[in-house]
Amino acid sequence: MTISARELNRATLSRQLLLERRPLTVADGLRRVVALQAQHPASPYLALWNRLTGFAAADLDAAFTGRSVVKATLMRITLHAVHAEDYPALRAAMQPTLYASRLGFRFAAAGLTPADADELVPELLAFADRPRTSAEMQAWIEKRLGAGKNEKKEGAWWGLKAYAPMHHAPTDALWSFGHRPSFVAAGTGPALTGRAMPPHALEALIVRYLAGFGPASVADVAQFAMVQRAAVREALRTLDESVEQLQGPDGSALFDLPGASRPPAETPAPPRLMAMWDSVLLAYADRSRVIPPAYRPLVIRRNGDVLPTLLVDGHVAGVWRPLEGGIEATAFHPLSPTVWDGLTAEAESLTKFLGERETAVYSRYHHWWSKLPEAETRLL
């Protein structure tokens, strides 16, 4: 079976609840979309505002506080919000990547080895049986390793805060998490150590990934999880009849779950004002299913910042930012009056949503707007 580029786009939007908002709880909505990038504390809130009917920020506050939704270092070694029941499997699949990325460089420069990390992790998790600030965690490390140069303490904490299976603990900040995070032991599953991936962990991640982001290629899965393509191919062979193979628009092999939603190409896609770092923009090696190649460098900056985008007919068409008086929308190509009316309605809703919490969200990233090409800009 062959799937067209437009059908691929609609499948992604359907899985990500972007064809229509759905009347789901926060926990159920997050199970559907699998993972929301959470580098910026506000982004999971805006992501769910785009996806759920009647979403209120307090709903996600409560989910974080009750730990039905957790925030942790996961795929691509970045912060994600996921359903608590998904965390153990996703974290297990990330074990080799976190081992390789966090137990070298600064951790090694501090005079520590992976064996030291495996000895420290259970003790660190025992200390983090309740929320601990970064300062408290570093003080514990200093006491445990002995007084020494700051580089040793900082290097040890740099490695362990991502390698040890911990969640970010919610605080009283505007979006549940501030710039000075606190941490708490995950408390689910084994205290993972070593470079080995537990059996069937990658298969479990692939099934969840395809549920939220499929159809997808081997390269897409590898990009999402930052794992080797050979390992992904082997896991797909193990899954065998649990997945089906399609032919992508360029003739490449794509994989999906049997019976998963793949709406027709002509399915309407309403305009959306997407959060910074929204997962739908980043979960693929080939991001052209949502981001036109010419616009990719405009919205994904060289330092990794991913600007808040306008989604029009399922594709990135510009960027937005909140300003005094409303939402400023910058379109990279001409938009019809009907599309502008749809974006205006979204902007009015978003302005109300932000007004209850932080009207100037993302303001620290406004410097990027001076680097954008000349384009049509409207205050909505």
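This is a dialogue about how to read some features of a predicted model.

User: What should I know about the model before I start?

Analyst: The model is predicted, so local features need pLDDT of at least 70 and side-chain atom pairs count only at pLDDT 80 or more, while totals for chains, interfaces and linings use all residues. Residues are numbered from 1 along each chain as its sequence is written, and side-chain values use heavy atoms, with hydrogens and water left out.

User: Is threonine 73 buried or exposed, and which residues is threonine 73 in contact with?

Analyst: Buried means under 20% relative accessible area, exposed over 50%, and partly exposed in between, with a 1.4 Å probe and protein chains only. Threonine 73 counts as buried because its relative accessibility is 15%. Threonine 73 is found in strand S2, residues 69–73, where strands (E, at least two residues) and helices (H or I, at least four) are DSSP runs numbered from the N terminus. Contact means heavy atoms within 4.5 Å, and, leaving aside neighbours within four places in sequence, threonine 73 is in contact with Thr78, Leu79, Leu98 and Ala162.

User: How does glutamate 244 read, and which strand is glutamate 244 found in?

Analyst: Glutamate 244 is found in strand S7, residues 244–247, and it counts as partly exposed because its relative accessibility is 25%. The C-alpha atoms of glutamate 244 and methionine 1 are separated by 9.8 Å, although the two are 243 residues apart along the chain. Setting aside neighbours within four places in sequence, the contacts of glutamate 244 include Leu254, Phe255 and Arg262.

User: Which residues touch the most other members of the largest nonpolar core?

Analyst: A nonpolar core is a set of buried Ala, Val, Leu, Ile, Met, Phe, Trp, Tyr and Cys residues joined through side-chain atoms within 4.5 Å. The largest one has 66 residues, and Tyr45, Leu46, Phe55, Leu60, Leu273, Leu350 and Phe353 touch the most other members. Helix H16 (residues 337–355) supplies the largest share of this core, six residues. For leucine 273, contacts beyond four places in sequence include Trp49, Trp320, Ile327 and Leu350. A second, separate core of 60 residues includes Leu160, Leu205, Val218 and Val232.

User: In what order do the three strands of the open sheet stand?

Analyst: Two strands pair if DSSP finds at least two bridges between them. Here the order is S4-S6-S5, with antiparallel pairing. Strand S4 (132–133) and strand S5 (166–169) stand at the edges, each with a single partner strand, so one side of each is left without a neighbour in the sheet. S4 pairs with strand S6 (residues 182–185) over two bridges in the antiparallel sense, and arginine 132 stands opposite phenylalanine 183 in S6.

User: What volume does the largest pocket have, and which residues are closest to its centre?

Analyst: On a 1 Å grid over the protein atoms alone, a pocket is an open set of points where a 1.4 Å probe fits, with protein on both sides within 12 Å along at least five of seven lines, and lining residues have an atom within 4 Å of a point. The largest pocket has a volume of about 450 Å³, and of its 21 lining residues Gln39, Leu79, Lys161, His168 and Pro181 are the closest to its centre. Helix H10 (150–163) and S2 are the elements that give two or more residues to this lining, and H10 gives the most, with three residues.

Methods:
Points joined across faces, edges and corners; volume = space filled by probe spheres on them.
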